[in-house]
Amino acid sequence: MSRSTTVQPLVAFLRAINVGGHTVTMARLRELVGELGYADVATFIASGNLIVTTDRTPRQVEKDVASGLEKALGYAVETYVRTPVELSAIGEAEPFGTVEDGHKVQVGFLTAALKADAARAVEDLSNDYDTLRVDGREIYWHTRGGVSGSLIKPAVFARTLTVPTTMRNVNTIRRLVAKYPPG
């Protein structure tokens, strides 16, 4: 098992933990992940944001949590892990400059960076309401109003992206950084 030399909190973003008729309480989620050998398991907001303190690498935590939850729940739960340093950089990023009141920024997490042509195809979905930027393992999505007003249909986004992602509001990321700062 790959280990890093530092014990640190890692934040795991879970995709589709409570969709399609499935309901997993955050208490049950903490219990299941604790059974995988993780200590100090916490959740943040009831939307699949999980924090573990470990010396395992982020990639190992992604694999452990995804496979453990699939085994326990009977369905796939894509898992995307970031360190506090990575989250801080994501929270501080302003790929759209100053965002006007009423506009929203979502961050999509990926397990690996997209190839240049795939990143370009995602960004080409941008329109007068939505602007997409790909940066490494993150997709930043700016909407000029609520996400529900997006002109990009979910099926078109998924087909263009070709890999799973999970989205979080940038304000959630910033709140996580405040609670679990780097260093």
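Modeller: Happy to! The largest pocket has a volume of about 350 Å³. Of its 15 lining residues, Trp141, Pro154, Phe157, Thr165 and Met167 are the closest to the centre. This is a predicted model, where local features need pLDDT of at least 70 and side-chain atom pairs count only at pLDDT 80 or more, while totals for chains, interfaces and linings use all residues. Residues are numbered from 1 along each chain as its sequence is written, and side-chain values use heavy atoms, with hydrogens and water left out.

A pocket is an open set of points on a 1 Å grid over the protein atoms alone, where a 1.4 Å probe fits, with protein on both sides within 12 Å along at least five of seven lines; lining residues have an atom within 4 Å of a point. Its volume is the space filled by probe spheres set on the points, which are joined across faces, edges and corners.

Back to the largest pocket: strand S7 (138-143) and helix H5 (154-161) each supply at least two lining residues, and H5 gives the most, with four. Helices (H or I, at least four residues) and strands (E, at least two) are DSSP runs, numbered from the N terminus.

Now for the second largest pocket, with a volume of about 210 Å³. Among its 16 lining residues, Val99, Val105, Val170, Asn171 and Arg174 lie nearest the centre. Strand S5 (104-109) and helix H6 (170-179) each supply at least two residues of this lining, and H6 has the largest share, three residues.
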